[in-house]
Amino acid sequence: MASGVIKCKAAVAWEAGKPLSIEEVEVAPPKAHEVRIKIVATALCHTDAYTLSGADPEGCFPVILGHEGAGIVESVGEGVTKVKPGDTVIPLYIPQCGECKYCKNPKTNLCQKIRVTQGKGLMPDGTIRFTCKGKQIYHFMGTSTFSEYTVVADISVAKIDPAAPFDKVCLLGCGVSTGYGAAVNTAKVEPGSTCAVFGLGGVGLATVMGCKAAGASRIIGIDINKNTYAKAKEFGAAECISPQDFEKPIQEVLVEMTDGGVDYSFECIGNVGVMRAALEACHKGWGVSVIVGVAAAGQEISTRPFQLVTGRTWKGTAFGGWKSVDSVPKLVNDYMAKSPVDEFVTHTPPFDQINEAFDLLHKGKSIRHVS
């Protein structure tokens, strides 16, 4: 059973657009069907930066961000049966209750059991487990991994191989799984196909990796940051191009390069203009374009309907389509059997340098920071 309140360090976002502040926070014990986790490693993702910027319609402040983490169960609340203290786990921003109609449908991974409270920065019972300087601090994406201890719902945790290195498999909590799954689950890339990946950050590189694993014969990476090209080629991209190097729109360039367009394209940025380009770079008759990036609140996508009438398909994906509790342990096992994940980690700063990590992320000088 759970012990008392734990005092620990956390990076608190007091308000939008301001640097995080390393604070001492109090983490209350888990209630029924909750798990308190000692976070051993956490990574920084663009989604954290997106919410911190103030562009996220669900952004609540003050908040403890972070949703790519790995750790050890410290204590469990009443009724928790799937994990016990000492288990090695990854917190999940998309839970899997196994009971709602979404979990029972093989076509989706979007469990809705705790969606409403999670979107408000609350635990499933509508309350909060973090306090700092006498103020309640909201939870983020049901995970809040930028804290030495966090509390999550028991349906938001995957028990994994205890031999797995925390500082690598934490990436499977979001970015690597998302990109890889976009290719193999959502697009269902076929052997011999041609793919284009827009945006070569962590998620884009994982998408390249997924296309390669699915047997794509040609993968084209698109990014204005040419520092990403060498890494993209390591993961399987045949060539990389920048839209800034061409007079004409990038979709026209890709259509010419590929004799009519690519079989599959992926937008891994969150830019609605690029989403249109990715769709229009697809081949008439059968091209599939997957939106992986998250656009800012209120933005809309557009294209001429004729693009879809003539056989292109526009899709979206969240967490790469993986049913989280079932799939994450298997992805960890794949990593242990030498699926590449280590290559994503470019920086390993101390936790108290998290603001510098955000700066490097914004400047495009890093793929993943793990603290």
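I looked up the domain assignment, which gives domain 1 (176-320) and domain 2 (344-370); the bounds come from an automatic or database domain assignment. The model is predicted, so I note that local features need pLDDT of at least 70 and side-chain atom pairs count only at pLDDT 80 or more, while totals for chains, interfaces and linings use all residues. Residues are numbered from 1 along each chain as its sequence is written, and side-chain values use heavy atoms, with hydrogens and water left out.

**Entry 1, domains.** I took the C-alpha centres of domain 1 and domain 2 and found them 25 Å apart. Their contact (heavy atoms within 4.5 Å) takes 10 residues from domain 1 and 4 residues from domain 2.

**Entry 2, the parallel sheet.** I traced an open sheet of 6 strands with parallel pairing, in the order β13-β12-β11-β14-β15-β16. Strands here are DSSP runs of E with at least two residues, helices are runs of H or I with at least four, and both are numbered from the N terminus. Two strands pair if DSSP finds at least two bridges between them. The edges are β13 (239-241) and β16 (313-316), each of which pairs on one side only. Neighbouring strands of this sheet are turned by 20° against each other on average, direction ignored. For the angles, axes are lines fitted to C-alpha atoms, for helices over the stretch in contact, and values run from 0 to 180 degrees between N-to-C directions.

I then checked what packs on this sheet. Helix α6 (residues 202-213) does, touching β11 (194-198), β12 (218-222) and β14 (264-267), and its direction makes about 170° with that of β11. Ile291 has Gly316 as its bridge partner in β16.

I placed Thr194 in strand β11. Its relative accessibility is 15%, so Thr194 counts as buried (under 20% relative accessible area is buried, over 50% exposed, in between partly exposed; 1.4 Å probe, protein chains only). Leaving aside neighbours within four places in sequence, I list Arg218, Thr258, Val262, Asp263 and Tyr264 as contacts of Thr194.

Strand β5 (residues 68-76) runs antiparallel to β6 and is joined to it by 2 bridges; Ile72 stands opposite Thr88. Strand β10 (residues 157-159) is also antiparallel to β6, with 3 bridges, and there Pro91 stands opposite Val157.

Thr131 lies in strand β7 (residues 130-132) and is partly exposed at 25% relative accessibility. I count out residues up to four places away in sequence; Thr131 then touches Val25, Glu26, Gln136 and Ile137. Thr131 and Val63 are 68 residues apart in sequence and 10.0 Å apart in space, C-alpha to C-alpha.

A core here is a set of buried Ala, Val, Leu, Ile, Met, Phe, Trp, Tyr and Cys residues joined through side-chain atoms within 4.5 Å. The largest has 86 residues, and those with the most contacts inside it are Phe146, Val189 and Phe266. Domain 1 and domain 2 both give residues to this core, so it lies between them. A second, separate core of 14 residues includes Ala196, Val253, Ala278 and Ala281.

I found 0 disulfides, the criterion being a pair of cysteine sulfur atoms within 2.5 Å. The sulfur of Cys97 has its closest cysteine sulfur in Cys111, 3.7 Å away, which is too far for a bond. Cys97 is buried at 9% relative accessibility. Cys268 is in no disulfide either, and the nearest cysteine sulfur, that of Cys211, is 8.6 Å away. Cys268 is buried, with a relative accessible area of 15%.

Most residues other than glycine have a negative phi, and most peptide bonds are trans. I noted a cis peptide bond between Phe61 and Pro62, with omega about -5°. Pro62 sits in the loop between α1 (46-53) and β4 (63-64). Lys188 has a positive phi near 55°; Lys188 is in the loop between α5 (175-187) and β11 and is exposed at 55% relative accessibility. Asp259 has a positive phi near 55°. Asp259 is in the loop between α8 (250-257) and β14, exposed at 68% relative accessibility.
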